[in-house]
Amino acid sequence: MKILVVGAGAVGGSFGARLAQAGRDVTFLVRPSRAKQLQSEGLRIVSPHGDLALQPKTITAQELASPFDIIFLSVKALALDQAMDDLSHGAGSDTMIYHVLNGMRHIEALTRRFGERAIVGGVCMVSTDLDDQGRIIQMNPMQKLTYGELSGEITSRIRSFDETMQNAGFETELSIAIIQAMWHKCVMIASLGLVTCLLDGTIGEINAVPEGEQTILRALDECAAVGAACGFPLPQSLTAFLRQAVTTKDSNLTSSMYRDLKKDAPVEVDAILGDLLEHGRSHRLDTPLLRAACVRLRVYQNSRQKSAGARTTAT
């Protein structure tokens, strides 16, 4: 199957590189500046599973003219509209668009643009970041892709998709409940993003101060209550795992939103926390920590936009 990976960033670049290393037919849809960087320096990954450097096949949106079998979409929420425009010429009538964006809101945008049949649900579990050299840094050994039809059916095409993803150097799972899996991840990353961004620290740093652990657990309870009200309660095993993870005293665990915040980059506040807050309101839930985190990050976003506008005016 021909695979188009949209972007060569921390997530798409990591899994796309492993697929290419395993012999899959992978092309990266990138901006001209990133294409030039990849051509001169290669796609480089620093990972607990072994470092990797390869010369990837790349294509720009202007060059994209024929459909692919699979489109792997892993951009940030703020880049989704532009990504949909860029990939549109690669999406044919039988193309599977596999998305691993954070949150739940993007499903509606994708189905509205490409139709529900085109969309394959997904969950990505990996902790990666781009360094200032353009390398992908994997911060722990976890790397897994979960996928499935939105309907829960096991179709012939999802079996073909599964065969393509297997044995490529990362864990895979074919799910008959992908929406549930996506909701469970949403609760997890929302909880982690909420506390690290609102309280400005790693999980270990927050647990090290009085009332830190109680605040983290309250945040987890708020987010989990929203998921449960929407019909997707966390199973006891996952709840126990998350409670242990967020109460570890010396943990360096953070969230992608927190890392973006510390880099003065845009954060996915509305796609993750804001969307969860709206779901909670629709079910008449009181989620004060979730609301406070949304306010804190929206203030940050507005400040970034004002600073960018001031710089543009000055130049």
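This is a short walk through a few places in one predicted model.

Hello everyone, and thanks for coming. Some ground rules before we look around. Residues are numbered from 1 along each chain as its sequence is written, and the model is predicted, with local features needing pLDDT of at least 70, side-chain atom pairs counting only at pLDDT 80 or more, and totals for chains, interfaces and linings using all residues. Side-chain values use heavy atoms, with hydrogens and water left out.

Let's start with a pair of helices. Helix H6 covers residues 178-199 and helix H8 covers residues 212-229. Those labels come from DSSP runs numbered from the N terminus, with H or I runs of at least four residues called helices and E runs of at least two called strands. The axes of H6 and H8 come within 9 Å and cross at roughly 145°. Here axes are lines fitted to C-alpha atoms, for helices over the stretch in contact, and angles run from 0 to 180 degrees between N-to-C directions. The crossing of H6 past H8 is right-handed. That term is used if the near helix is turned clockwise from the far one by less than a right angle, and left-handed is used if anticlockwise.

Which residues in H6 and H8 meet? On the H6 side we have Trp-183, Val-187, Ala-190, Ser-191, Leu-194, Val-195 and Leu-199. Facing them from H8 are Thr-215, Ile-216, Ala-219, Leu-220, Cys-223, Ala-224 and Gly-227. The residues of this contact of H6 with H8 divide into 11 nonpolar, three polar and no charged. For these classes, Ala, Val, Leu, Ile, Met, Phe, Trp, Tyr, Cys and Pro count as nonpolar, Asp, Glu, Lys and Arg as charged, and the others, Gly among them, as polar.

Is Ala-219 buried or exposed? Ala-219 is buried, because its relative accessible area is 0%, where buried means under 20%, exposed over 50% and partly exposed in between, using a 1.4 Å probe and protein chains only. Not counting residues up to four places away in sequence, Ala-219 touches Ser-191, Leu-194, Val-195 and Leu-289; contact means heavy atoms within 4.5 Å. Leu-289 is 70 residues from Ala-219 along the chain, and their C-alpha atoms are separated by 6.2 Å.

Leaving aside neighbours within four places in sequence, His-184 is in contact with Phe-232, Pro-233, Leu-234, Pro-235 and Leu-238.

Follow the chain on from H6 and you come to Asp-200, in the loop between H6 and helix H7 (203-207). Asp-200 has a positive phi of about 55° although it is not a glycine. Asp-200 counts as partly exposed because its relative accessible area is 41%.

On a 1 Å grid over the protein atoms alone, a cavity is a set of points where a 1.4 Å probe fits but cannot get out, while a pocket is an open set with protein on both sides within 12 Å along at least five of seven lines, and lining residues have an atom within 4 Å of a point. Grid points are joined across faces, edges and corners, and a volume is the space filled by probe spheres set on the points.

H6 turns up again here, giving four residues, the largest share of the largest cavity's lining. Strand E8 (119-130) and H6 are the elements that give two or more residues to that lining. Among the lining residues are Asn-102, Val-123, Met-182, Lys-185 and Ile-189. By class, the lining of the largest cavity has seven nonpolar, three polar and one charged.

Our last stop is the second largest pocket, with about 330 Å³ of space. Of its 18 lining residues, Ala-77, Leu-78, Leu-80, Arg-105 and Ala-271 lie nearest its centre. Helices H3 (80-87), H4 (106-114), H11 (269-282) and H12 (288-314) each supply at least two residues of that lining, and H4 gives the most, with four. The lining of the second largest pocket divides into eight nonpolar, four polar and six charged residues.
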